[in-house]
Amino acid sequence: MSFFRNPEIRRSLLWWLPLCAVSAAGGWALLGWQAGLWTGAACLGLAALHYAVTARRYAAMAALSRDLDRVLHGGSFWEPDRFREGELAILQDEIAKLVLRLQEQADALQREKCALADAMADISHQIRTPLTSLRLVASLLSDEGDDEARRLALTRELHSLLGRIDWLIEGLLKLSRLDAGAVRLETTELPAAALLERASAPLAVALDLRNLRLEVDAAAAALVCDPSWTAEAIGNILKNCMEHTPPGGTIRAEARQTAIFTELTITDTGPGIAPEDLPHLFERFYRGKDAAPAAAGVGLALARTILTSQGATVQAKNGIHGGAKFVVRFYRTVI
C-alpha cells in the first residue's frame, strides 16, 4: 500500500507493535489473561486511531500535491471549501497565496510580452511612412538636373522628415518606459501657473508663427505632481489644441483648486472634436478624421499615460460655444 511506503509509518511500526505486545503481556502477568487481552486491544485501538489520523493528514498532503501538479499543467489551485483549521491548512493557504502570486506574475509577463510585440509592430508601421518619404527625397536630391532652389526645398523636407522620426521615436520610447514601469515619478507641490508656463514654453515660437494667442488664468491654484513629466503631458495637450486652431484663434488654460482636486481646463477656438473621435482620442496611434497629415497619434496617448500614472484623470469634450475642451484633474485626497 502507498500509505506504508512513508518512512514515518514504517518507523512507527517498530515501536507500536512491541508496545502492544508488552502492554498485553504486562496486563496478563499482573491482572490475568482477560486484562492482558483488554490492554492489548486498547493499545491496538490507539495504534489504529493514530494511523487513521495520520492517513487523513497524508491524504490532504496528497491532494495538495495533486493541486500543485495541476497548476504546473496550467490548471487552477484555489479551492477554499477544502481548507480547514490547523497547521496543514495554514500551509495550504500559504502555498495557495504563493501560487496565485506566481500566476499573476506569469500573466503580467505575458501581457508585457504581447505589449512589447504590439509596440514593435506599431513602431515599425509608424516609421515606415516617413522612411519611404526619406528614400524618395534622397533619390530626388541625387538628381543632378535639379536647380539650387529645388535642392534647398528638398533639403528642408528631409530635415522635417528626420525631425518627425526623431519625435516619434522619442515619444514611443517614453510610452514604453511608462508602460514598463521604468519611470519613477517624483511628486512635489508647485503652482499651476508655473506648470502651465513650463508646458507652453517649447510652443512659444510655433504659437507666434501660427498667430495664436495663449491665455493663462491659474490664479493661486497649486497641484502635486511630477513637474517634468506633467509638463510633457500638458504640453502635448496644448500642442494638439494648437494644431487644430485656425490662425488668429485663442488657446485658454485655466486652473481652479478645490478641497478635493486641482482642475486644469484647456480650451481652444478650433472646430472642436468629431463625435466619432471622442471615444478614441487618447488611444495610441489613433488619428481622427481631421488629424494633420504628419500626426502620429502619440501625443495624447502619452499625455494620458503620464497623467493616469500619477492618479490624475483627463477628459476630452467639446465646449459649449465650440472648440475642443480638455479637463485634467489632480486629486488631493483619496475618494
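Visitor: What is the relative accessibility of Arg252?

Guide: This is a predicted model, in which local features need pLDDT of at least 70 and side-chain atom pairs count only at pLDDT 80 or more, while totals for chains, interfaces and linings use all residues. Residues are numbered from 1 along each chain as its sequence is written, and side-chain values use heavy atoms, with hydrogens and water left out. Buried means under 20% relative accessible area, exposed over 50%, and partly exposed in between (1.4 Å probe, protein chains only). Arg252 counts as partly exposed, its relative accessibility being 27%.

Visitor: Which residue forms a salt bridge with Arg252?

Guide: A salt bridge is a side-chain nitrogen of Lys or Arg within 4 Å of a carboxyl oxygen of Asp or Glu. For Arg252 the closest N and O atoms are 2.9 Å apart, and the partner is Glu215. Helices (H or I, at least four residues) and strands (E, at least two) are DSSP runs numbered from the N terminus. Arg252 lies in strand 4 (residues 250-257), so the pair ties together parts 37 residues apart in sequence, the other part being strand 2, which holds Glu215.

Visitor: How many residues of helix 8 are buried?

Guide: Helix 8 covers residues 299-309, eleven residues, and is largely enclosed by the rest of the structure. The cover over its buried residues includes helix 4 (148-179), helix 7 (227-243), strand 6 (313-318) and strand 7 (324-331). Among the buried residues are Leu300, Ile306 and Leu307. The number of buried residues in helix 8 is eight.

Visitor: What is the relative accessible area of Ala219?

Guide: Ala219 sits in the loop between strand 2 and strand 3 (222-225). Its phi is positive, about 50°, although Ala219 is not a glycine. Ala219 is exposed, with a relative accessible area of 70%.

Conventions
Contact means heavy atoms within 4.5 Å.
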